[in-house]
Amino acid sequence: MKKAMNWLKNIRPLKVLTVFLAGIFLFVAQACGASGVAAQPPQPGSQAPNVKQYNPTKDYPLNSPSGGMNNFSDVDPRAKDEKAANDRAEALVKNAQKNIEQKGIDSREQYGRNFQQGTPLGERVKNLGEDIGSSADEVREGLVKGTQRGFENLKGNAQNAGEDLKTNVQRGAENAGKNVQRTAEDAGDAVKRIVKDVN
């Protein structure tokens with residue numbers, strides 16, 4: 001009880017008033033809304049000129065069933081030019097027929113018979129052997145060419161390494177000579193300073 005009394009004594013009236021006013025402000029803001037004015041329903045004669053009003057008592061025409069999906073046409077009813085779509089479909093069918101006929105076979109029936117009967121086993125094995133033989137030749141040629149390129153690269157790299165080694169040795173000798181010369185010059189300068197200091 002003492003703790004509750006101490007807590008009540010520590011509450012400042014200014015804090016309580018601030019919280020109370022903030023709560024009242026939130027309540028009024030929510031009640032009145034952002035605009036402060038409620039939206040009025042549209043009046044019967046005040047409709048926009050481009051909008052058609054729906055009349056529930058009127059009978060609106062629907063698409064007539066025509067045998068497509070769900071008994072309606074598969075074509076968009078807003079598309080008025082079906083001739084272009086039909087012409088395109090006809091052109092695609094003709095192109096497919098022409099491709100079938102131009103496969104080096106006399107007729108579509110012969111093409112179908114050859115497909116159904118298949119190539120004789122001997123010819124299939126022969127063709128497979130030729131394909132494997134040509135693939136092996138290609139692999140062998142690629143391996144030979146790759147090996148030759150590898151030897152050429154190795155030879156070039158060895159030659160470059162020898163030249164680089166020679167260049168590095170020359171630079172090292174030049175740098176060593178320069179370092180000895182600098183050390184000698186520094187020693188001479190030090191001796192001159194000591195002689196100067198002694199005098």
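**Five helices in a predicted model**

Colleague: How many helices and strands are there in the protein?
Modeller: This is a predicted model, where local features need pLDDT of at least 70, side-chain atom pairs count only at pLDDT 80 or more, and totals for chains use all residues. Residues are numbered from 1 along each chain. Helices are DSSP runs of H or I with at least four residues, strands runs of E with at least two, numbered from the N terminus. The protein has five helices and zero strands.

Colleague: What span does helix 2 reach?
Modeller: Helix 2 covers residues 13-32, 20 residues in total. The expected span is 1.5 Å times one less than the number of residues. That gives an expected 28 Å, and from first C-alpha to last helix 2 comes close to it, reaching 28 Å.

Colleague: Which residue just after helix 2 takes a positive phi?
Modeller: The phi is about 80 degrees. The residue is Gly 33.

Colleague: Is Leu 17 buried, partly exposed or exposed, and why?
Modeller: Leu 17 lies in helix 2. Buried means under 20% relative accessible area, exposed over 50%, partly exposed in between (1.4 Å probe, protein chains only). Because its relative accessibility is 45%, Leu 17 counts as partly exposed.

Colleague: What is the count of buried residues in helix 2?
Modeller: Across the protein, buried residues make up 1% of the 199 residues. Helix 2 is hardly covered. Among its 20 residues, the buried count is zero.

Key:
Side-chain values use heavy atoms; hydrogens and water are left out.
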